[in-house]
Amino acid sequence: MFRPGTDESNVQYEDVLCNYCHRPWDPDDPSRPMVEGHHGSHMCGECLSIAYLATVIEGRDDREPGVACTMCLVEPDTLFWRSPEFPDACVCQACIKRSSGVLEKDKDYTWRRPQG
Ligand SMILES: [Zn+2]
Ligand SMILES: [Zn+2]
């Protein structure tokens with residue numbers, strides 16, 4: 001998501017907010033990268049770690065029928081994680097796994113998926 005009032009023709013790092021914790025992107029923090037979803041949605045590495053742990057490792061499911069994933073805008077038949085801080089933001093396990101792969105391959109970042 002973008003900070004309200006963001007100049008769309010001149011988006012800065014700090015205008016990019018994580019949909020799940022609303023913290024801005026800090027390009028100087030390699031442990032908290034940002035991964036992009038559809039329609040300007042973003043998820044930071046910290047929220048991704050929490051979501052990965054909850055769904056992939058613990059098997060938790062916050063799914064609510066009829067609510068689409070904030071990142072891919074569909075409702076795949078899989079586990080969902082919902083932000084405890086901003087409950088209108090949720091993410092499906094497919095996006096969690098895909099995002100984890102993207103971030104781990106990015107050499108600018110030190111992010112690694114949590115181990116069980
Ligand atoms: Zn976040
Ligand atoms: Zn998704």
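Trainee: To start simply, how many helices and strands does the chain have?

Mentor: Keeping in mind that this is a predicted model, the secondary structure of the chain comes to 2 helices and 4 strands, and along the sequence these follow the pattern β-β-α-β-β-α.

Trainee: What about the overall size, say the span of the C-alpha trace along its principal axes?

Mentor: The C-alpha trace spans about 40 × 30 × 20 Å along those axes. The radius of gyration is 14 Å, which agrees with the value near 13 Å that a compact globule of 116 residues would have. As for burial, 34% of the 116 residues are buried.

Trainee: OK, now the helices. At what angle do H1 and H2 pack?

Mentor: Helix H1, residues 45-57, and helix H2, residues 93-105, pack at an angle of about 130°, and their axes are 10 Å apart. The two helices are therefore oblique to each other, and H1 passes H2 in a left-handed crossing.

Trainee: And which residues meet there?

Mentor: From H1 the residues are Gly 45, Leu 48, Ala 51, Tyr 52, Thr 55 and Val 56, and they meet Gln 93, Ile 96, Ser 99, Ser 100 and Leu 103 of H2. Sorted by class, this contact has 6 nonpolar residues, 5 polar ones and no charged ones.

Trainee: Which residues of H1 are buried, then?

Mentor: They are Gly 45, Cys 47, Leu 48, Ala 51, Tyr 52, Ala 54 and Thr 55. The cover over these buried residues includes H2 together with the strands S1 (34-36), S2 (42-44), S3 (80-82) and S4 (90-92).

Trainee: Changing topic, what comes after H1, and what is its phi?

Mentor: H1 is followed by Gly 59, which has a positive phi near 70°.

Trainee: Where do His 22 and His 39 sit?

Mentor: His 22 lies in the segment before S1, while His 39 is in the loop between S1 and S2.

Trainee: And is His 39 buried or exposed?

Mentor: His 39 has 10 C-beta neighbours inside 10 Å, so it counts as exposed. His 22 has 14 such neighbours inside 10 Å and therefore counts as partly exposed.

Technical notes:
Residues are numbered from 1 along each chain as its sequence is written. Chains are lettered from A and ligands numbered from 1 in the order in which they are written. This is a predicted model: local features need pLDDT of at least 70, side-chain atom pairs count only at pLDDT 80 or more; totals for chains, interfaces and linings use all residues. Axes are lines fitted to C-alpha atoms, for helices over the stretch in contact, and angles run from 0 to 180 degrees between N-to-C directions. Angles under 35 degrees count as roughly parallel, over 145 as roughly antiparallel, 65 to 115 as roughly perpendicular and the rest as oblique. A crossing is left-handed if the near helix is turned anticlockwise from the far one by less than a right angle, and right-handed if clockwise. Two residues are in contact if their C-beta atoms, placed from the backbone, lie within 7 Å. Ala, Val, Leu, Ile, Met, Phe, Trp, Tyr, Cys and Pro count as nonpolar, Asp, Glu, Lys and Arg as charged, and the others, Gly among them, as polar. The radius of gyration is taken over C-alpha atoms; the globule rule is 2.2 Å times the number of residues to the power 0.38. A residue is buried if 20 or more other C-beta atoms lie within 10 Å of its own, exposed if 12 or fewer, and partly exposed in between; C-beta atoms are placed from the backbone.
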